[in-house]
Amino acid sequence: MRLSPALLGFAGVSALALMSASMVSRPRVPLPALALAARRTPSPACSLTSAQERTAVDAFDKLLPVIHHPRCANCHGGVNPFVDPQVGRHFGGNMVDSATGGPPPSSVCQDCHSELPGWDVPGSAMFFVGRSPRELCMQFKQFAPSGPAEFITHVTHEAGPQFIATAFLGTRALNTLGEVTYEAAMGHPLTADPPPGGHAQLIADGTTWANAIGAGWNESPECGCAVSGAWHGTVTARGSFVGAGMPGELHVSSHATVMLESVPTPRFASGRRVRTYQATGGQVSWGVIAVGPCRGTLNGGFPLDSLDIDGNPLLELRLEDAGGGATRYQPTTGSWPDRWSPIFTVQCAMSGTQVALPTTNLLPTWWHYDILNPPESADPDHLKGSYVWAQGPGSTVRWEWDLKRVR
Ligand code: HEC
Ligand code: HEC
């Protein structure tokens, strides 16, 4: 940052100098609220980028025709053999233990399902029915806690009864009594109806999916199960400085288009579902005009997809789960590089003569670098708000932003 001696010579410079000193050149510091929260709850975040999450989510979608097929879904919540068949859709009858009135031992199932010893249904925590792909992805990770290899082993060869291999036979492991029961209930003989693709295809697709999540498997539960997305939108700033640093008024404005992409979240900020996004595109256009005894105008612009002099992105956005579906967020801007801060020379009428005064760059940051009381949004896909910085009478800057999640 440049400091102009000429400008500093003016009385009343302090506000403007402070403004430029505090806003234009500043070290990047972790946001206090987020940093403290992180120290209280150390747990892993998600190290996958949006692109890696997109690959994983697409790979999971390929599993859905099998997961949703009745041969898998009926055991995983689609059929309840322990209630009235009209409700539970188990046409082998209502399976109750006459002694207890509750579910019978699974040996009873062998009367009809003896083609697979151990035929049984899982508890509701393992149901597929009524769950979104995102929830199912998180569930599959949860029930294979040691990592992708555990899931791959499960779909390849289960530790207990081979439910999956049996599902691909399409016959519900029914024996002769089962087939007779089936025909009596359905009015037609049993035909094999396996899930699409075959068992080998499920192993291949399941392996691709699990390895696409990879390191994200044991990070946050939804890591790799949803795309954290990108944000597009605008940020505008309007500032006025009256009698602050030079005679007359200075008016500044900027308009930015912003594109942000998800990046790995630093470990220190993890555990409260913090996601970090960095500018990967966009452009800031700014203009400044001096009116009154000093006059001058200057315009300029710079791209947002580059790094500042310290190697930091020109914009970083942190999103944190604020509870109740709300999102708390904080933009952090990079320091203002000199090459985008040209000297702004104003012409001042002083004691009857015209004097050229080179000023330092007095443009405000295009977006305030650290908003007190970070804003919250009830809509997790839309961040819209404003912030006013006021330094004494006549010196204010107002920012407005409107960002939408694009994927
Ligand atoms: C006869 C009922 C039955 C069928 C058919 C069946 N499963 Fe399961 N499945 C179970 C039971 C019981 C468990 C829990 C015990 C275990 O893991 O063996 C389970 C566990 C699972 C799990 C681990 C739990 C979870 O929610 O992540 C996955 C994954 C799974 N099954 C996938 C499938 C797929 C895919 C199919 C179809 C190709 C299928 N199952 C067919 C009964 C079945
Ligand atoms: C009297 C024979 C009979 C008994 C005993 C029986 N079932 Fe069945 N079961 C059937 C028939 C027939 C079907 C196929 C028709 C249907 O889907 O309801 C079936 C289907 C199922 C299905 C759906 C499987 C699929 O791939 O669509 C599940 C799950 C199931 N049974 C669970 C059980 C459990 C658990 C028990 C023991 C508690 C049991 N059954 C006992 C006859 C029986």
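Helices here are DSSP runs of H or I with at least four residues, strands are E runs of at least two, and both are numbered from the N terminus. This is a predicted model: local features need pLDDT of at least 70, side-chain atom pairs count only at pLDDT 80 or more, and totals for chains, interfaces and linings use all residues. Residues are numbered from 1 along each chain as its sequence is written, with chains lettered from A and ligands numbered from 1 in the order in which they are written.

I start with ligand 1. It has 21 residues around it, and Cys72, Cys75, Pro122, Phe143 and Phe163 come closest. A residue counts as near if its C-beta atom, placed from the backbone, lies within 6 Å. Which helix gives the largest share of this shell? That is α6, with 4 residues. At least two residues each come from α5 (64-67), α6, α9 (133-142) and α11 (163-167).

Now the strands, which pair if DSSP finds at least two bridges between them. β3 (274-291) and β5 (315-323) are antiparallel over 5 bridges, and β5 pairs with β6 (326-333), also antiparallel, over 8 bridges. Glu320 in β5 stands opposite Val274 and opposite Arg328 in β6. In the β5-β6 hairpin, with 2 residues between the strands, Gly324 has a positive phi near 60°.
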